[in-house]
Amino acid sequence: MTAARTLPYAWYADPAVLRVEQERIFAGAWQYATHTELVAEPGSMTPAWAGSLPVLVVRGGDGELRGFVNVCRHRGHVLCDADATRETIQCRYHAWTYDLDGSLRSAPRVEREEAFDRASVTLVPISVEAWGPFVFVNPEPNTGPLAEALGALPTLLSDGGVEIDALRFHARAVSDEYACNWKVCAENFLECYHCAVAHPSLAKTLDVSPDAYVLEHDGTLLSQFGPPRDSGGGVYDAAGQIERGQFHFLFPSTVVNVMPGRLNLSIGPIVPRGPERTSRFLDYFVGDDVDEEWLRGYLELDEQVGAEDRALVESVQRGIASGALDSGMLLPQSEQLIARFQALVLEALGG
């Protein structure tokens, strides 16, 4: 088979393309936002992103989980930029104040405005659902259930020894912004063709050879599976209930990582912040029996791989944004998940 062509490289640096991607990809997709501990109590709220759209996840006074566009209806000020617990949602610009259900409670001086209809003003709602300890959002308020978007992911995790309800939140790792387009981050995640060369520590832990490392895709779920090396020599103990690594990408932007060994899972979004800027974070979850020594080795490996990936994706962005080439090439087998991802992008953008 001959190599396939990538998407046009101009699409990785053009603000107009990013605007269309937000409208046609992120505006109607389920994306990981946060974890349930941050919105466990009535009045608790946490800001998040759905693509480039700022959103707010809120636990209402009635215990319901709700989501809103995190923008005041008055003059567009972002409402909440840090985790908080409050009885209301108040804008710091002019003190417009909303109830936890999104309705406008009060606004200074509106009683002097005869034509102002307070009852008609509400925050823009979005869809929000929890799956175990994971909270997802979708900017479309009338969308299909999260379970449909997850597809086979819960079954794959369960069959691989990951008990979702046994996971406890450990920590959030927030990265500095990456100097690259969000698609570069996604495509780097979607292949381990580079692992033997660029991730020597990971290659000591996982068998990344093409005969052992499995690639699969089903609809919008793109998955990789890697067993631990039989010869050992990894940087942490890979023995345990998780017999092989699982690395899933839920289009358009959610990554899920499970390493072999003790019960563990990390999850987070790839968030476009500009045509050549991307932000990321990972929420780490572990089982109750995970000891500090195992956890330290596991996190050190992940931090090392993350640093190596940053250098790779930022170098790729410099290359593709240079204008030297119109596009690149994909190997049909080793990079088949990238080909699938690019087909999904192309389909969403209208072919």
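**Core, lysine, helix and sheet**

Q: Which residues touch the most other members of the largest nonpolar core?
A: Of its 48 residues, Trp-182, Leu-190, Phe-249, Met-259, Phe-341 and Val-345 do. A nonpolar core here is a set of buried Ala, Val, Leu, Ile, Met, Phe, Trp, Tyr and Cys residues joined through side-chain atoms within 4.5 Å. Buried is under 20% relative accessible area, exposed is over 50%, and partly exposed lies in between (1.4 Å probe, protein chains only).

Q: And which elements give two or more residues to this core?
A: Those are α4, α6, β15 (245–250), β18, α7 and α8 (336–348), with α7 giving the largest share, seven residues. Helices (H or I, at least four residues) and strands (E, at least two) are DSSP runs, numbered from the N terminus.

Q: Before we go on, what are the ground rules for the model?
A: It's a predicted model, where local features need pLDDT of at least 70 and side-chain atom pairs count only at pLDDT 80 or more, while totals for chains, interfaces and linings use all residues. Residues are numbered from 1 along each chain as its sequence is written, and side-chain values use heavy atoms, with hydrogens and water left out.

Q: OK, Lys-183: buried or exposed?
A: Buried, with a relative accessible area of 0%. Lys-183 is in helix α4 (residues 182–189).

Q: What does the side chain of Lys-183 make a polar contact with?
A: The side chain of Glu-21, at 2.8 Å. A polar contact is a pair of N or O atoms within 3.5 Å; within protein, one must be able to donate a hydrogen and the other to accept it, and residues adjacent in sequence count only if both atoms are side-chain atoms. A polar atom of the Lys-183 side chain also lies 3.0 Å from the backbone oxygen of Trp-11.

Q: What else is Lys-183 in contact with?
A: Contact means heavy atoms within 4.5 Å. Skipping neighbours within four places in sequence, the partners of Lys-183 include Leu-7, Tyr-12, Phe-341 and Val-345.

Q: Switching to α7, which residue caps its N-terminal end?
A: Asp-291, with a side-chain oxygen 3.1 Å from the backbone nitrogen of Glu-293. Among the buried residues of α7 are Trp-294, Glu-308 and Asp-309.

Q: Last one: what's the strand order in the open sheet of seven strands?
A: β2-β11-β10-β5-β4-β3-β6, with antiparallel pairing. The edge strands, β2 (31–35) and β6 (84–85), each pair on one side only; two strands pair if DSSP finds at least two bridges between them.
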